[in-house]
Amino acid sequence: RRDAQKGYSFNLPDENYRAFSQQFAFIETADQKQAIEQVVNDMTSEKPMDRLICGDVGFGKTEIAMRAAFKAVEDRKQVVILAPTTVLTFQHLETFRRRFKLWPVEIRALNRFVDKADQRKTLEDMRTGKVDILWRSMPESVNKLLGGGSRGVFLHLKADWEAREARRAAVQAASAENGDAR
């Protein structure tokens with residue numbers, strides 16, 4: 001039944017996606033290349049995506065997730081990633097922020113150590129499209145994230161795409177001024 005449903009088809013990778021991919025500081029393994037290709041193929045297909053990436057620590061799963069997140073954000077979608085522990089939300093938040101530092105992408109985390117005011121602000125910013133990628137620890141109430149009118153926020157069309165494009169152009173211009181060809 002699921003195969004008969006039509007899913008969202010992302011655009012094919014473009015020069016921004018390729019530039020982001022080239023910023024990866026390591027050499028991709030054969031398995032990693034294959035997984036990235038399969039994820040991109042799934043994302044650009046009209047079939048609903050149904051893929052699980054698993055592997056040992058240090059074998060590049062996070063980079064696969066980053067590329068999928070980049071593709072989604074580039075296509076004006078929001079991304080929510082669930083981590084099994086609060087510590088991992090912080091670790092991956094910092095990893096994602098470092099990896100996305102040259103791109104105008106807003107990345108935040110929600111977990112029990114984020115104070116209530118910041119949690120409310122982040123949830124409101126998710127609803128209005130200001131947050132592109134959100135890390136959330138699973139032990140927390142996922143219903144809090146999904147409930148109260150925010151259902152469907154993960155595939156929220158970006159209302160402020162022009163602002164993101166302006167930020168991206170500014171980042172690229174600053175990089176060019178600093179001699180960074182990216």
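## Salt bridges

With a relative accessibility of 38%, Glu94 counts as partly exposed, and Arg97, also at 38%, is likewise partly exposed. In this predicted model, the side chains of Glu94 and Arg97 come together in a salt bridge, with 3.7 Å from N to O; both residues belong to helix 4, where they stand three residues apart, about one turn of the helix.

Salt bridges with shared partners also join Glu28, Glu63, Arg67 and Arg99 into one network. Within it, the side chains of Arg99 and Glu63 meet at 2.7 Å, N to O, and because Arg99 lies in helix 4 and Glu63 in helix 3, this pair ties together parts that are 36 residues apart in sequence. Arg99 is buried, with a relative accessible area of 12%, and Glu63 is buried too, at 3%.

Another salt bridge pairs Glu46 with Lys6, whose closest N and O atoms are 3.9 Å apart. Glu46 sits in the loop between helix 2 and helix 3, whereas Lys6 belongs to the segment before helix 1, 40 residues apart. Glu46 is partly exposed, at 46% relative accessible area, while Lys6 is exposed, at 65%.

## Nonpolar cores

The largest nonpolar core holds 28 residues, and those that touch the most other members are Val79, Phe96, Phe100, Val105, Ile107, Ile133 and Trp135. At least two residues of this core come from each of several elements, including helix 1 (15–22), helix 4 (86–99) and strand 3 (133–137), and helix 3 supplies the largest share, seven residues.

Apart from this core lies another, of five residues, among them Leu123, Met126, Val131 and Leu134.

Technical notes:
Residues are numbered from 1 along each chain as its sequence is written. This is a predicted model: local features need pLDDT of at least 70, side-chain atom pairs count only at pLDDT 80 or more; totals for chains, interfaces and linings use all residues. Side-chain values use heavy atoms; hydrogens and water are left out. A nonpolar core is a set of buried Ala, Val, Leu, Ile, Met, Phe, Trp, Tyr and Cys residues joined through side-chain atoms within 4.5 Å. Buried means under 20% relative accessible area, exposed over 50%, partly exposed in between (1.4 Å probe, protein chains only). Helices (H or I, at least four residues) and strands (E, at least two) are DSSP runs, numbered from the N terminus. A salt bridge is a side-chain nitrogen of Lys or Arg within 4 Å of a carboxyl oxygen of Asp or Glu.
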